[in-house]
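Let's take a friendly walk through a protein structure. Have the sequence and the 3D view ready as you read.

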Amino acid sequence: MTGGHLQIVICAAGPAADVTQLISAAQKHSWTTTVTATPNGIDFIDVPAIEELTGAAVRSSYRVSSGDRRSLPAADALVIAPATYNSINKIALGLADNYAMTSVTELIGRQVPTVIVPFVNAALAARSPFRRAVASLRDEGVRVLLGPEDQWEPHPPGSGKDRQRTFPWTTAFETATGLAHAARSATSGHG
Ligand SMILES: Cc1cc2nc3c(=O)[nH]c(=O)nc-3n(C[C@H](O)[C@H](O)[C@H](O)COP(=O)(O)O)c2cc1C
């Protein structure tokens, strides 16, 4: 699918610093992007660099500090990456306790094609609340890239820095565009 708008939500984990890779992948395929960060996630990113690249304010609260009061474009797809243990559990429960979680909750409810890429270590991923959260999100139709079939596994505790280098930004984009294409075909009645 060529062209569309990708909403990106980043959480407070190391790979957030590399989100420009996702923005660049999208732009290469003529997609526009906007970035929303959780209140903790904002400390992990270079806000001016992202704003320069996307041409839009990074949002993390209901207040808009840069004076850019335009509402976000309608999203053709949503990628939540990196998604923390904390935010994945919250999204599965439907908690909307900050701007990012509120917009995620609503976009999933509107059935916007959604891809979540967790960045969690094996100790966190072993917890039953997390395993339940992933199962529940998948049940709801959210694509969670995790497990051997997605070639994206939780890393051993303490090895996040190494794993960060292989964060699957391109796969996240390709998965999101695939879902968006399928959704568009279903709506238009074309195969
Ligand atoms: C330097 C640093 C790195 C972190 N890395 C991760 C991580 O890789 N995965 C994770 O789930 N939490 C990680 N955390 C913990 C989260 O930041 C913490 O749970 C936070 O509350 C998540 O907020 P958010 O889900 O609203 O973004 C890290 C924290 C710090 C300070």
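The report below looks at the sheet, the ligand's surroundings and a few backbone details of this predicted model.

## The sheet

Strands of a sheet pair through backbone hydrogen bonds, and they can do so in a parallel or an antiparallel way. Here, 5 strands form an open sheet in the order β2-β1-β3-β4-β5, and the pairing is parallel. Because β2 (31–37) and β5 (143–144) stand at the edges with a single partner strand each, one side of each has no neighbour in the sheet.

For example, I8 has V79 in β3 as its bridge partner.

## Around the ligand

Now turn to the ligand, which is surrounded by 15 residues. The closest are C11, A12, A13, T38 and T84. Helix α3 (residues 85–93) gives the most to this shell, with 3 residues.

What kinds of residues make up the shell: nonpolar, polar or charged? There are 7 nonpolar and 8 polar residues, and no charged ones.

## Backbone details

Strand β3 holds P82, and a cis peptide bond joins A81 to P82, with omega about -10°.

Two residues other than glycine have a positive phi: S30, near 65°, and Q111, about 65°. S30 lies in the loop between α1 (20–28) and β2, while Q111 is in the loop between α4 (99–109) and β4 (114–118). Are they buried or exposed? S30 has 10 C-beta neighbours inside 10 Å, so S30 counts as exposed. Q111 is exposed too, because 10 other C-beta atoms lie within 10 Å, and a residue counts as exposed at 12 or fewer.

Definitions and conventions
Residues are numbered from 1 along each chain as its sequence is written. This is a predicted model: local features need pLDDT of at least 70, side-chain atom pairs count only at pLDDT 80 or more; totals for chains, interfaces and linings use all residues. A residue is near a molecule or strand if its C-beta atom, placed from the backbone, lies within 6 Å of it. Helices (H or I, at least four residues) and strands (E, at least two) are DSSP runs, numbered from the N terminus. Ala, Val, Leu, Ile, Met, Phe, Trp, Tyr, Cys and Pro count as nonpolar, Asp, Glu, Lys and Arg as charged, and the others, Gly among them, as polar. Two strands pair if DSSP finds at least two bridges between them. A residue is buried if 20 or more other C-beta atoms lie within 10 Å of its own, exposed if 12 or fewer, and partly exposed in between; C-beta atoms are placed from the backbone.
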